[in-house]
Structures are given as C-alpha cells and as structure tokens.
Amino acid sequence: MQVDDTVGQVMAALERHGLAENTLVVFTSDNGCSPQADFAELESKGHDPSYVFRGHKADIFEGGHRVPSLVRWPGAGQGGWHLRSNGVLGRSDGHGGGNLGTKLPDSAGEDSVSFLPALLDPSLEGPLREATVHHSINGSFSIRQGKWKLELCGDSGGWSQPRPNSKAAAGLPNVQLYDLEADIAESRNLEAEHPEEVARLTKLLEHYVEQGRSTPGAPQANNGEVRIGRRGK
C-alpha cells in the first residue's frame with residue numbers, strides 16, 4: 001500500500017507539471033526479497049515472493065536477482081506501463097550512454113549497455129549484452145549467457161540453503177551449471193555433464209576480469225584483486 005501510494009504521488013507530480021508524456025519512468029527493485037519479510041508468514045498467506053525461482057536476496061540463485069521491471073514512456077509510443085522483452089537487463093544498464101544519445105568515456109559504465117533498443121522495440125530479437133555477471137553477498141560469481149548459467153560456488157553464496165561453509169554444502173561440487181530454459185528453478189546441476197560449457201563460461205568471465213569490463217572498450221583497472229572462484233582462483 002505504501003509503495004502504491006508513493007508511485008501514485010510521483011505520477012501525479014509528473015501529470016501536474018505536464019511532464020508525464022515525455023518522462024521515462026522505470027519501476028523495479030534492486031534484488032530479490034529479503035528473508036526479513038518473514039517467508040513463513042507469507043507462505044501461510046499463499047504468497048512466495050521468489051515465485052518459482054530458487055533463493056532470495058543475497059544469493060547467487062535467480063531468486064536473488066530476478067525482479068520485476070515495469071516501464072512507462074508514452075512519448076515513445078509505449079502508452080501505459082509495460083515492457084515485455086526476452087533480453088536480460090540489469091540495474092547497471094541504465095547507465096549506458098546510448099540511453100541519452102551520448103557516448104561515455106571508456107572509464108565509465110564499463111559493465112553497462114543501453115537498453116534503449118528494447119524500450120523502443122520490445123519484440124527485438126537477440127541479446128543486448130554478450131553475457132551477464134552476477135555476484136552474491138559473500139563474493140561468489142556467476143555468469144549467464146543464453147540458456148546457460150554458471151555459478152562458481154557449490155552453495156547459495158548467501159543466506160539460503162545450502163549456505164556457505166554449512167553442513168548442507170559439504171561435499172557439493174565446486175561449481176554449478178544450470179540450463180535456465182529447461183530448469184528455471186535451478187534444481188539440476190549439469191556441471192558434470194557439460195564440462196565444455198563450464199570451461200567456456202569460466203574463460204569468458206576471466207576475460208572480463210582481465211579487461212576490467214564486460215562491454216567493448218579500452219581495458220580498465222579493477223578496484224582490487226578479483227577471486228573468480230570461492231575455492232581456488
């Protein structure tokens with residue numbers, strides 16, 4: 001109710017000042033739901049904030065990263081609130097210079113792409129970015145490309161089970177590989193069946209670290225040492 005009222009106030013202000021038609025409004029969240037919300041109580045009311053996705057805020061799993069994104073931009077011909085696209089967008093992508101029709105210097109927006117093409121044409125085919133890098137609260141990395149998602153840890157990397165260094169995580173493989181098209185709940189680890197995908201995606205992530213960026217441009221320095229795997233390199 002509070003969120004609805006707050007969004008309503010913002011929209012009313014845009015209307016009052018004659019800005020609604022030419023303002024791009026994005027309504028979204030930064031991460032999955034926090035367990036502070038009391039999942040047990042929500043479940044007793046028939047609600048699962050993670051929907052069909054595994055995990056929640058802080059995790060490497062999809063429940064920690066997938067969030068709703070609604071867009072309203074009447075001046076671009078979109079009309080009401082909607083954006084339906086099969087492409088993967090991230091919060092960092094709002095920084096892409098193409099969104100403003102300007103070019104950013106190589107030292108800015110190193111991991112940001114413009115999502116303007118998806119806004120102007122939601123039916124646009126093909127990915128906006130080469131791959132998407134995820135990060136959990138304990139520093140575990142994941143990289144997603146197409147249907148494949150590689151998680152370079154054997155646990156959740158966060159707060160859900162199997163938690164890092166927990167009894168439930170003991171003996172699990174060092175990495176996880178999921179086919180998100182066939183297994184959106186991340187229930188079947190395919191790392192042993194597709195070692196070629198594990199190697200390919202690990203190499204791509206290593207390349208991003210070496211370049212200091214995941215988009216085209218001049219190489220940049222990382223802010224510090226980057227450990228791609230939680231066990232080893």
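Predicted model: local features only at pLDDT ≥ 70, side-chain atom pairs only at ≥ 80, totals over all residues.
Biologist: What is the strand order in the open sheet of four strands?

Modeller: The order is β3-β4-β5-β6, and the pairing is antiparallel. The edges are taken by β3 (132-135) and β6 (176-179), each of which has a single partner strand, so one side of each is left without a neighbour in the sheet. On average, and ignoring direction, neighbouring strands of this sheet are turned by 15° against each other.

Biologist: And what packs on the sheet?

Modeller: Helix α4, residues 195-211, packs on the sheet and touches β3, β4, β5 (148-151) and β6, with a direction that makes about 110° with that of β4.

Biologist: How many bridges join β3 to β4, and which residue stands opposite F141?

Modeller: Four bridges join β3 to β4 (residues 141-145), the two strands running antiparallel, and H135 is the residue that stands opposite F141 in β4.

Biologist: Which way do the side chains of β6 point, and are they buried or exposed?

Modeller: Q176 and Y178 point one way from β6, while L177 and D179 point the other way, and all of them are buried.

Biologist: Which residues have the most contacts inside the largest nonpolar core?

Modeller: That core has 15 residues, and those with the most contacts inside it are I143, L150, L152, L177, L201 and L205. At least two residues of this core come from each of β4, β5 and α4, and α4 gives the most, with five residues. As general background, nonpolar side chains in soluble globular proteins tend to be buried together.

Biologist: Let's stay with I143. Where is I143 found, and what does I143 touch?

Modeller: I143 is found in strand β4, and with a relative accessibility of 0% I143 counts as buried, because the cut-off for that class is under 20%. Leaving aside neighbours within four places in sequence, I143 is in contact with A131, T132 and V133, with W148, K149 and L150, and with L201, L204, L205 and Y208.

Biologist: How far is I143 from S44, in sequence and in space?

Modeller: I143 and S44 are 99 residues apart in sequence, and their C-alpha atoms are 34 Å apart in space.

Biologist: Changing topic to the cysteines: how many disulfides does the structure hold?

Modeller: The structure holds zero disulfides. As for the cysteines themselves, C33 is partly exposed, with a relative accessible area of 24%, whereas C153 counts as buried at 3% relative accessibility.

Biologist: Now the backbone. Which peptide bond is cis, the one from Q161 to P162 or some other?

Modeller: The peptide bond from Q161 to P162 is cis, with omega near -5°, and P162 lies in the loop between β5 and β6.

Biologist: What about phi of D38 and of A58?

Modeller: Phi of D38 is near 65°, a positive value in a residue other than glycine, and A58, which is not a glycine either, has a positive phi of about 90°. D38 lies in the loop between β1 (25-28) and α2 (39-44), while A58 lies in the loop between α2 and β2 (69-72).

Biologist: Are D38 and A58 buried or partly exposed?

Modeller: D38 counts as partly exposed at 35% relative accessibility, whereas A58, at 11%, counts as buried.

Key: Residues numbered from 1 in each chain as written. Heavy atoms only, no water. Pairing = 2+ DSSP bridges. Axes fitted to C-alpha atoms, helices over the stretch in contact; angles between N-to-C directions. Contact = heavy atoms within 4.5 Å. Disulfide = S-S within 2.5 Å. Buried < 20%, exposed > 50% of the residue type's maximum accessible area, 1.4 Å probe, protein only. Core = buried A, V, L, I, M, F, W, Y, C linked by side-chain atoms within 4.5 Å.
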